[in-house]
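I wanted to look up where this structure leaves open space, and what surrounds that space. Here are my notes.

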Amino acid sequence: SMAGCAARVPPGSEARLSLATFLLGASVLALPLLTRAGLQGRTGLALYVAGLNALLLLLYRPPRYQIAIRACFLGFVFGCGMLLSFSQSSWNHFGWYVCSLSLFHYSEYLVTAVNNPKSLSLDSFLLNHSLEYTVAALSSWIEFTLENIFWPELKQITWLSATGLLMVVFGECLRKAAMFTAGSNFNHVVQNEKSDTHTLVTNGVYAWFRHPSYVGWFYWSIGTQVMLCNPICGVVYALTVWRFFRDRTEEEEISLIHFFGEEYLEYKKRVPTGLPFIKGVKVEL
């Protein structure tokens, strides 16, 4: 089991291990130097990937290897995204997107490792989030690729991509601020049972919005499509994510009212959800 897996890794070492291996993966940024030294681009990349995996197998045993391979993969993807971002091609904004995506998944794990190690597992990378999430990501890659072939000028609207990048940075920062503010009260899974240490957090970013981590993820996910200048996925993402968070906030608030009663109802009256046109659960008094 994953819980058993995590238990054998000394507590506190996961953050250091994941950071070291993320940076190891990101060292793919040095690849252009190797290709100048005479290695073919694709051959160089294949050798590099094989070398990284061999190194991780030598350095780490399970369960550490499972953490290392995921963090290293995300670092590698981040490095490739950076290389794409600086390329003089119509794919440079896709590079921004690749960096945003890999950084999001890696930082979810890192912040959980630092902030709430008790709830940490391999699932904290959110790489196996849901089938819908995977389909949504694949759809946006397909849309970008097709439009880039048939309407390349659509993918070079720099001010629009820059707006998307700002949305992504805002969303990411807000979500991570929410995770740090909530500390051990933050969990990737909606809690149905109140733990002894669970307290109602109303300070910091929680004084602005009742669901800052959802607000962050909402603008982050729509921002990724604005960044890619994907009109179809942009609209579909906005509608899908809005529906998902409308249902999710209601489900969560039923639990929170059950846990905290009057204290939560007071907070609910005072502070908005932060999500457009989402009021949260209706309370019949």
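I turned to the second largest pocket, whose volume is about 560 Å³. I worked from a predicted model, where local features need pLDDT of at least 70 and side-chain atom pairs count only at pLDDT 80 or more, while totals for chains, interfaces and linings use all residues. Residues are numbered from 1 along each chain as its sequence is written, and side-chain values use heavy atoms, without hydrogens and water.

I found 24 residues lining the second largest pocket, with Glu132, Tyr133, Ala136, Thr240 and Val241 nearest its centre. Helix α10 supplies the largest share of this lining, nine residues, and α6 (92-115), α7 (131-150), α9 and α10 each give at least two (helices are DSSP runs of H or I, at least four residues, numbered from the N terminus).

I then looked up the largest pocket, and noted a volume of about 660 Å³. Its lining has 36 residues, and Asn185, Phe186, Asn187, Tyr214 and Glu252 are the closest to its centre. Two or more lining residues come from each of α8 (158-182), α9 (212-227), α10 (231-260) and α11 (262-270), and I noted that α10 gives the most to the lining of the largest pocket, eight residues.

Key:
On a 1 Å grid over the protein atoms alone, a cavity is a set of points where a 1.4 Å probe fits but cannot get out, and a pocket is an open set with protein on both sides within 12 Å along at least five of seven lines; lining residues have an atom within 4 Å of a point. Grid points are joined across faces, edges and corners, and a volume is the space filled by probe spheres set on the points.
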